[in-house]
Amino acid sequence: MSKLIIAAAICGAEVMKEHNPAVPYTVQEVAREAKSAYDAGAAVIHLHVREDDGTPTQRHGRFQECVSAILEVCPDVIIQPSTGGAVGMSDLERLDSTNITPVPEFVTLDCGTCNFGYDEIFVNTEKTIENFARLMQEKGMKPELECFDKGMLDIAMKVYKKGLLDDPLHFDFVLGVQMAATVRDLSFCVESLPPGATWTGCAIGKDAFKIAAASIVMGGHVRVGFEDNLYIEKGVLAKSNGELVDKAAKIAKLLGRQIATPDEAREILHIRKR
Ligand code: KMH
Ligand code: ZN
């Protein structure tokens with residue numbers, strides 16, 4: 001089994017300081033949270049950014065400021081800008097996060113439309129997915145294929161068959177939004193992977209660490225962080241993203257899985273360093 005890549009989703013576009021006061025909005029807060037995750041063992045920072053008042057934005061200027069501030073304190077970390085942004089943003093707006101220097105080595109590619117809580121719909125038509133994939137291929141940005149259910153893996157494979165995605169593919173199974181956060185659902189996704197693919201498992205909400213543990217045991221990689229879960233244990237808010245990453249790293253060590261450095265993660269994922 002390869003070493004374990006821990007990704008930290010430090011901010012997201014949905015959670016607010018009202019939910020956990022440590023959710024980062026300012027550039028300094030983003031850098032602080034990224035460093036806490038990196039110091040605890042995160043090789044990847046999955047990045048959304050906010051304006052100072054907490055409004056989610058895909059503005060490249062804001063991403064540039066945050067990426068530069070993160071690289072000051074975590075010089076070798078892999079930064080993965082989100083191209084999902086927030087529900088309701090246009091495709092063009094969502095892609096603005098990639099218009100930074102250096103060109104991102106790793107980005108998200110959401111592989112289908114899904115219910116995103118009550119009356120919210122996160123729209124990703126096949127045309128959107130293909131256009132995003134084509135741009136990522138042209139710019140040499142490795143996509144992480146975000147799948148909120150198993151059907152999105154099938155959509156990703158359609159896009160792959162059109163030649164718009166390059167081997168080896170890397171998937172992120174996000175449970176607890178549209179598909180239930182159960183080991184059974186995760187297993188179905190993992191059993192459906194094409195040969196040679198790598199994968200990460202994560203869950204939104206109370207099952208985050210259950211799915212992290214399952215992913216560690218099953219040979220996948222893990223994602224934790226405020227975007228997914230605000231609590232270190234039932235009823236206790238996490239003080240930082242670092243605390244969440246530290247818990248995942250401790251579970252991995254107890255289970256005998258070593259943690260990958262950012263450069264080891266690049267090797268595992270076949271990511272070209274900028
Ligand atoms: N905030 C969600 C609407 C991604 O980063 O690519 C989209 C999301 C997925 O978080
Ligand atoms: Zn995200």
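A charge is taken to sit over a ring if NZ of Lys or CZ of Arg is within 6 Å of the ring centre and within 35 degrees of the ring normal. In this predicted model, local features need pLDDT of at least 70 and side-chain atom pairs count only at pLDDT 80 or more, whereas totals for chains, interfaces and linings use all residues. Side-chain values use heavy atoms, with hydrogens and water left out, and residues are numbered from 1 along each chain as its sequence is written.

Under the charge criterion, the charged end of Lys247 sits over the ring of Phe209, 4.5 Å from its centre. Lys17 likewise lies over the face of Tyr25, at 4.6 Å from the ring centre.

Rings of Phe, Tyr and Trp (its six-membered ring) pair if their centres lie within 6.5 Å; planes under 30 degrees apart count as stacked, over 60 as edge-to-face and the rest as tilted. Phe116 is partly exposed, at a relative accessible area of 22%, while Phe148 is buried at 6% (buried means under 20% relative accessible area, exposed over 50%, partly exposed in between; 1.4 Å probe, protein chains only).

Phe148 also forms an edge-to-face pair with Phe122, 6.2 Å centre to centre and with 80° between the planes. Phe122 is buried, with a relative accessible area of 7%.

Definitions and conventions: Chains are lettered from A and ligands numbered from 1 in the order in which they are written.
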